[in-house]
Amino acid sequence: MKIKKILVYCGVLSLFLVFSSAAFGGALVADLENALMCKCDDKCGKVIINCTCDTANQTRLDFQQHLDSGMTVDQIIKMHVDKYGETVLSAPSKNGFNLTAWITPFAAILGGGFGIRKLMKRWVKRKKTSAGEAPDSIEEPSPTAPSKYARRLQDELDNLES
Amino acid sequence: MNALGEFALQLGLATSIYGIVCYLMAARGNRIDLYLSADKTPLVVWACVMMASIALWKAFLTDDFSVEYVWAYSNSQQNVFYKLASFWGGQKGSLLFWTLILTTYMVIVHSQYRKKHLRLVPHAMAVMLVMTVFFLGLLNFSTNPFELIPLPPEDGRGLNPLLQNYWMVIHPPTLYLGYVGFTVPFAFAIAALITKNLDDGWIRLTRKWALISWFFLCMGNLFGAQWAYVELGWGGYWAWDPVENAAFMPLIVATAYLHSIQIQEKKDMMKVWNMSLILLTFVMTIFGTFITRSGLIQSVHTFDEATLGFIFLGFLGVIIAFSVFLIVKRLPLLKSENELDSFLSRESSFLFNNLVLLGIGFATFWGTIFPIISEAFRGVKITVGPPFYNQVNVPIGMVLLALVGIGPVIAWRKATWSNLKNSFFKPIVTAGLAGVGLSFFLPFTNKAEILAYITFIICVFVLTTIVLEFSKGARARAQISGGTFIEGFGSLVWHNKRRYGGYVVHVGIVCIFAGIAASSAYSVDAQKVLKIGESLELGGYTFTYEKLRVREASDVKTRIIASMGVFKDGKRVWTAKPEKEFYKEQNQPVSEVSLRSTFIEDLYVILADFREDETATFKVYVNPMVWWMWFGQMVIALGTIVCMWPDKQEERRRLQRVRRQEAVFAAGPAAPAPAQQE
């Protein structure tokens with residue numbers, strides 16, 4: 001039960017982290033540089049913030065001019081999408097079909113987590129039925145174990161494989 | 001020499017095919033004569049590929065521009081260093097280089113194991129030869145590196161200026177050593193499936209190969225990050241480019257494999273899972289080459305003449321189909337009596353470690369192929385770039401980091417809440433105190449800063465668990481032997497190299513996470529047009545533009561070098577010398593970054609532009625803790641060496657197992673087959 005709860009909490013928290021980016025502000029030009037791809041003739045395939053070519057440098061200057069003229073980040077992004085198509089966006093939008101890009105990895109992990117939980121339950125049950133009640137715990141030997149156990153401990157440590 | 005190289009490739013291909021046939025027929029029909037004949041083929045194939053490689057290197061060193069590949073990737077002015085590295089600068093040479101590494105590994109495996117593991121080795125050799133046939137087939141029929149130009153030009157085009165960096169000599173070979181290395185465990189896994197030797201013998205046999213390959217792949221990824229950092233000039237080290245992803249995915253899957261095989265070795269569980277993981281790792285290595293050579297996905301790493309997509313896709317399909325078929329066929333033999341003592345155990349933490357690692361791997365794979373999926377379903381090609389991977393992989397990565405601390409502390413078989421309390425009390429308290437302390441110094445103005453803060457707390461938690469593990473063990477050892485703590489520490493690591501080497505690797509991982517968190521969240525940058533004598537302020541430093549000079553480095557290269565005095569509290573701490581390099585017949589100049597790296601922060605200066613009146617545009621970054629990543633890389637290297645160090649205890653145990661097996665065979669009622677030595 002606890003594992004199920006942990007998995008659900010982790011999933012919810014991860015999705016919150018993914019979808020919460022809009023909750024925090026940032027430098028406007030940097031936001032644009034992060035959001036849009038470089039469209040140079042070399043087809044470098046880099047997001048503008050990572051690109052140092054002349055086209056990227058010119059685009060940065062254009063961003064500043066657009067922002068100075070009163071356009072918002074969303075308007076500038078839309079202008080670029082209208083001009084170049086969706087491929088100019090550095091990440092899929094978080095709506096429609098593109099939402100699957102964002103949700104699928106977490107859905108896969110959650111599904112895998114529940115699968116592992118189910119397997120573990122089966123394996124624990126199998127162990128209990130095959131061996132009866134197991135001891136409550138496997139205590140680690142104390143570092144200050146009595147000396148009569150010292151030799152045995154050393155042998156065990158020497159033979160420990162991992 | 002070129003004709004000799006071409007002939008060597010043909011001979012290598014023919015010998016490889018002969019080797020496969022002989023090995024398989026020898027194994028099926030117990031034909032010693034065929035086995036002895038096949039036994040020489042790995043060496044002959046390697047000699048052929050080596051001969052072809054020497055021929056190509058000679059063509060580069062002697063500026064033989066009649067060879068089209070040499071003309072395309074070298075010129076007479078090029079440094080000898082880069083002439084040698086141009087070998088793997090393009091598609092044809094890189095395929096030959098791949099084949100050279102593959103056949104070298106094959107010869108090593110052959111000489112190591114051929115007399116010890118008579119049942120597995122012929123099949124494993126046959127698998128490696130099949131891989132060799134594929135690459136030699138490409139080299140002979142599709143991408144011949146010795147293709148000639150009828151009228152040889154006087155000079156070559158030269159290597160791409162971005163590749164003319166010392167990392168070109170280090171990064172691709174390291175990555176290739178990792179990629180190709182996974183062919184060895186893959187080949188033995190397939191051999192184990194074919195021969196039905198499905199105990200953990202193949203895992204033990206190839207454990208070090210998997211570790212060595214993982215090591216090279218890890219180092220290759222991090223060397224690539226360093227190269228991008230010093231060469232590309234955008235202040236970062238990882239751009240989630242599809243080809244970076246392609247190198248990252250097998251590393252992640254292989255990490256999962258290296259962890260989960262411990263469960264099989266300890267408890268004989270998860271045979272199907274481990275088999276699947278090694279097959280997936282190998283498939284991912286081929287997927288990486290498919291991406292660079294298909295031109296299907298846009299990437300800065302894609303080769304100019306990326307036309308081999310469908311051939312690689314077909315090869316990938318055959319590998320997957322054959323591997324899945326074998327696993328399904330052997331499923332009854334692979335089934336193990338999986339049992340678990342408790343939910344709270346080292347075994348379960350390894351399972352979740354595998355889940356999270358594969359989650360990161362899947363998220364990366366999904367992002368890499370999503371543009372193709374989108375185009376297939378909507379007819380719209382979209383881009384999946386760094387913002388996607390950062391938002392998806394960062395939270396999963398943080399969970400993974402926490403597991404690095406949690407997993408090793410939980411007892412095997414069964415842990416109780418009191419065990420957990422004892423193990424985690426100190427790390428949690430230390431991490432909590434660190435969190436309180438850090439909250440006074442760190443800003444919390446955006447999501448990246450909050451995530452970095454949480455990452456630091458988890459890093460402290462993980463480091464504390466590791467330090468406690470070392471100190472508890474060392475004290476116990478010291479008490480037993482009556483020596484000092486240092487002696488106990490040495491004895492502890494020496495007698496448990498694999499376990500404590502693994503912990504050292506974890507320390508390296510923590511350093512890398514801390515470096516990534518700090519440099520992503522607290523990096524600051526500024527760009528300004530300056531005249532000589534003017535300054536810009538950033539991160540407590542004053543950067544003053546002092547002079548600009550021009551140097552003709554060679555007939556094809558001109559360097560424009562700016563000098564910038566860097567001052568802190570009025571005291572000069574460094575002189576930055578960023579450059580722009582202009583290469584003849586290249587459209588874009590190349591920026592050479594000037595970098596001062598300390599464990600606190602990096603000062604990173606780029607000469608973005610300049611004019612004739614010596615006005616220049618500078619871009620300056622202050623990136624905190626990037627050094628920690630490269631330090632973490634060295635720590636990982638140290639930990640891996642400790643793990644791989646030959647262990648006499650382990651060798652003794654191996655011999656004991658062999659003797660036990662021999663005794664069983666000797667006492668058995670039926671006449672024994674050749675003893676399968678572990």
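Reply: Accessible areas here come from the Shrake-Rupley method with a 1.4 Å probe, and for residues only the protein chains shown count as cover. This is a predicted model, where local features need pLDDT of at least 70, side-chain atom pairs count only at pLDDT 80 or more, and totals for chains, interfaces and linings use all residues. Side-chain values use heavy atoms, leaving out hydrogens and water.

Me: OK, what's the accessible surface of chain A?

Reply: About 9600 Å², and carbon and sulfur atoms hold 58% of that.

Me: And how many helices and strands does chain A have?

Reply: Six helices and zero strands, going by DSSP runs (H or I, at least four residues, for helices; E, at least two, for strands) numbered from the N terminus.

Me: How much of chain A is buried?

Reply: 35% of its 162 residues, with buried meaning under 20% relative accessible area (1.4 Å probe, protein chains only).

Me: Switching to the largest nonpolar core: which residues touch the most other members?

Reply: Among them are B:Tyr179, B:Trp202, B:Trp214 and B:Phe388, in a core of 172 residues. Such a core is a set of buried Ala, Val, Leu, Ile, Met, Phe, Trp, Tyr and Cys residues joined through side-chain atoms within 4.5 Å.

Me: Which helix gives the most to this core?

Reply: Helix α10 of chain B (residues 201–231), with 17 residues.

Me: What does B:Trp214 touch?

Reply: Leaving out residues up to four places away in sequence, its partners include B:Phe182, B:Leu251, B:Val505 and B:Ile636; contact means heavy atoms within 4.5 Å.

Conventions:
Residues numbered from 1 in each chain as written. Chains lettered and ligands numbered in written order. Buried < 20%, exposed > 50% of the residue type's maximum accessible area, 1.4 Å probe, protein only.
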